[in-house]
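Good morning, and thank you for joining. I should like to take you through some helices in the structure now coming up on the screen.

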Amino acid sequence: MSFAVAVLFGVFGATAATHLKSGGFISDDAESARVDELIADNFDGAAPNFVLLVSSEAGADDPATKATGAGLADALKSRSDVQGVQSYWTAPPPLASALRSTDGKSALVVAYLEGDETQVQQIAGELEEQFAGASDGVTVRQGGIAAIYRDVTEQTTRDLALAEAVAVPLSMFVLILVFGSLVAAALPLAIGVFAILATLAILRLFTLFTDVSIYALNMTTAMGLALAIDYSLFIVSRFREEIGNGLDPTAATIRSVQTAGRTVLFSALTVALSMAVLSVFDLYFLKSFAYAGVAVVVAAAAASIVTLPAALVLLGTRVNALDLRVPLRRLFRRGAPAAGPQAPEDTGWYRMVRWVMRHAAPVAIVIIAVLLALGSPFLSVKFGYPDDRVLPTSATSRQVGDAMRTEFPQADPVASTTIVLDGYRGDTAAIGTYAAELSRVKGVPAVLSSAGIYVSGARFAPPPPGMANETGTYLSIATKLDPFSPAGDQQLQEIRAIQAPGPALYGGAAAANADSLQALAARLPLAAALIALTTFIVLFLFTGSVVLPIKALVLNTLSLAAAFGAMVWVFQEGHLSGLLGFTPVGYLVPTMPILMFCLAFGLSMDYEVFLLSRVREEWLATHDNTRAVAVGVARTGRIFTAAAVLMAIVLGALVTSKVSFMQLLGLGLTLTVLVDATIIRGLLAPALMRLLGKANWWAPEPLTRLHAKIGLTEGEDATPPRTLETAGRA
């Protein structure tokens with residue numbers, strides 16, 4: 001039945017990628033988005049989003065180059081989905097000079113492509129096939145926002161395929177090392193495939209009602225595989241443990257679901273709630289990760305709790321079949337391991353944790369100090385919108401972007417700020433005075449207005465045509481600065497500070513960047529509060545303690561701080577840029593730390609729940625806090641470390657991406673998972689639990705009574721296990 005359901009999911013979700021959209025970085029309600037609409041509707045798309053760079057060693061004025069450029073402009077004008085076409089060869093003299101490179105070998109054709117972010121990418125793809133390439137010594141390359149988005153989308157799609165090709169065989173190899181048995185190792189991967197197919201079907205369903213970003217596909221596959229492997233790893237491990245304790249397959253499966261399955265349920269709940277918080281942000285890029293995140297968690301948990309137990313009952317003791325360790329032992333003449341499961345007290349994990357708890361205070365102080373030091377670079381974090389520099393230098397739009405920054409200081413349509421005076425009926429003199437003041441702002445080489453072109457406060461040339469009509473007027477402010485940098489934001493503030501002759505709306509790259517940052521900052525406190533509150537509630541229901549949830553929140557904050565500090569050190573400051581192959585720009589893409597925070601917070605709680613489940617089980621049996629912690633880590637340390645390695649492989653595969661913000665996400669999540677599963681859960685958590693002693697399990701009396709009614713904890717109210725011996729007697 002599960003196979004049939006998987007096939008149905010696969011058929012329905014097969015077309016999910018074709019219905020996903022690109023973009024979603026800016027709210028539709030943002031002022032800069034409103035400016036884009038007004039420019040497109042009222043001024044024939046005068047703010048270009050598409051560029052053709054025409055280059056020739058013979059120069060832009062060579063007859064062959066001129067013929068190519070003029071032909072491109074005419075071809076663009078003939079399309080109904082293209083507006084505002086201008087070129088060096090057809091524009092008035094003042095504008096034409098800005099459309100030629102400083103070395104005279106290149107010139108531009110600029111245009112506005114109509115449609116949303118997905119549609120303009122499709123048009124850009126058509127235009128690239130039609131125009132891009134080299135002929136008769138003239139090279140044509142495309143750039144601009146439309147082409148950048150298209151290249152990013154195509155690059156991430158290729159990167160995803162490569163990441164999967166790397167992650168799946170490596171995961172299988174590690175699973176074989178963990179289980180030995182080829183059959184047991186194959187189960188988590190099978191559950192992962194099921195979870196991915198189910199999530200694709202759910203995403204396809206979402207596309208029927210709302211916009212979903214194509215970037216969510218990366219997380220669908222990565223998280224689906226990682227979580228399914230994690231969850232099934234714990235259940236299969238517990239099943240094998242119960243089989244080793246003498247239970248028959250059915251009883252072992254029931255016991256595994258009662259214990260590890262219940263833990264998986266709570267873990268999935270914490271991860272799903274963390275991902276759902278992304279829906280509070282007014283950007284469909286982040287909302288899409290909420291949809292995909294919740295869907296993939298539900299799919300992975302359902303497959304692990306429903307489908308996997310059925311497979312375990314059918315396999316029974318054959319789950320240990322095809323043990324690859326047997327021929328290896330024969331090859332190296334090693335004897336068979338001791339029969340039966342190893343006692344927790346005989347493991348290295350138990351001895352290490354006992355040592356940690358004997359030196360709890362110094363261990364905790366040193367680790368906390370190190371994590372805070374690693375996180376200190378995050379205090380100097382800067383944020384900015386992504387541009388073509390997130391792509392490798394081999395990408396065409398990146399090459400055009402580099403040329404625009406270095407050879408066209410006054411004509412970069414990506415960098416300019418646009419001011420719209422919607423419905424303006426004032427005189428032209430007031431516009432001229434305003435344009436003159438704007439042109440005096442530091443880093444502004446020229447201002448184009450309906451009163452003329454102004455440079456350094458003086459009128460330099462007559463106005464370009466079409467900058468004013470019955471709907472109002474607009475101004476275009478060129479800049480020498482990176483519009484997404486802190487310097488670009490400061491320049492925008494200075495522009496805003498100049499009194500306009502009428503109600504002004506600000507658009508362009510710097511304004512879009514500011515709008516995006518403002519929208520994210522406005523919802524960030526709510527998102528953080530929701531994650532903290534939901535995590536606290538779930539862990540309280542799981543443990544019956546108010547201390548352990550607070551401790552978990554503190555530990556998560558420390559591990560995330562260290563990861564965020566590393567991300568600033570690597571991606572903002574540019575260390576390791578040569579090794580990873582990206583271009584540092586001095587700031588981080590703002591959506592990535594938010595996405596990383598929600599993802600990492602949920603994944604960190606994943607391991608916290610798995611650890612506390614066995615600690616709680618031992619605590620209920622002995623009420624010895626020190627022993628409970630040591631036994632809990634001894635029973636789960638090997639498993640959640642293996643799970644962390646497997647998840648790190650899947651998430652770390654994103655580091656192979658050629659898009660820098662996907663590299664940031666992959667590396668950040670990988671570091672967080674590894675630090676959390678080793679330093680945090682193996683060292684710091686036991687040290688703090690030893691210092692807290694019995695206070696770990698404290699809760700006010702009213703909450704204790706509440707937990708007794710509605711709380712669920714592993715090891716309580718469990719049906720007595722049925723062994724093979726008792727089954728035979730029955």
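I begin where helix H20 gives way to histidine 623, a residue whose phi is positive, near 55 degrees. Please bear in mind throughout that this is a predicted model.

Helix H20 itself covers residues 591–622.

Helix H6, residues 145–179, can be treated in the same manner. Its 35 residues should span 51 Å at 1.5 Å a residue; the end C-alpha atoms lie 49 Å apart, which agrees. Just after H6 comes glycine 180, with a positive phi of about 80 degrees.

I turn now to a pair of helices. Two packed helices are described by the distance between their axes and the angle between them. How do the axes of H7 and H8 cross? The axes of H7, residues 182–207, and H8, residues 216–244, come within 7 Å and cross at roughly 140 degrees. Angles over 145 degrees would count as roughly antiparallel, so H7 and H8 are oblique to each other. Their crossing is right-handed. Among the residues making the contact are Leu187, Ile191, Gly192 and Leu203 of H7, together with Gly224, Leu225, Ile229 and Arg240 of H8. By class, this contact of H7 with H8 comprises 14 nonpolar, six polar and one charged residues.

Thank you for your attention.

Terms used
Residues numbered from 1 in each chain as written. Predicted model: local features only at pLDDT ≥ 70, side-chain atom pairs only at ≥ 80, totals over all residues. Heavy atoms only, no water. Axes fitted to C-alpha atoms, helices over the stretch in contact; angles between N-to-C directions. Helix = DSSP H or I, 4+ residues; strand = E, 2+ residues; numbered from the N terminus. Parallel < 35°, antiparallel > 145°, perpendicular 65-115°, else oblique. Left-handed = near helix turned anticlockwise from the far one by under 90°. Contact = heavy atoms within 4.5 Å. Nonpolar A, V, L, I, M, F, W, Y, C, P; charged D, E, K, R; others polar. Expected span 1.5 Å × (residues − 1).
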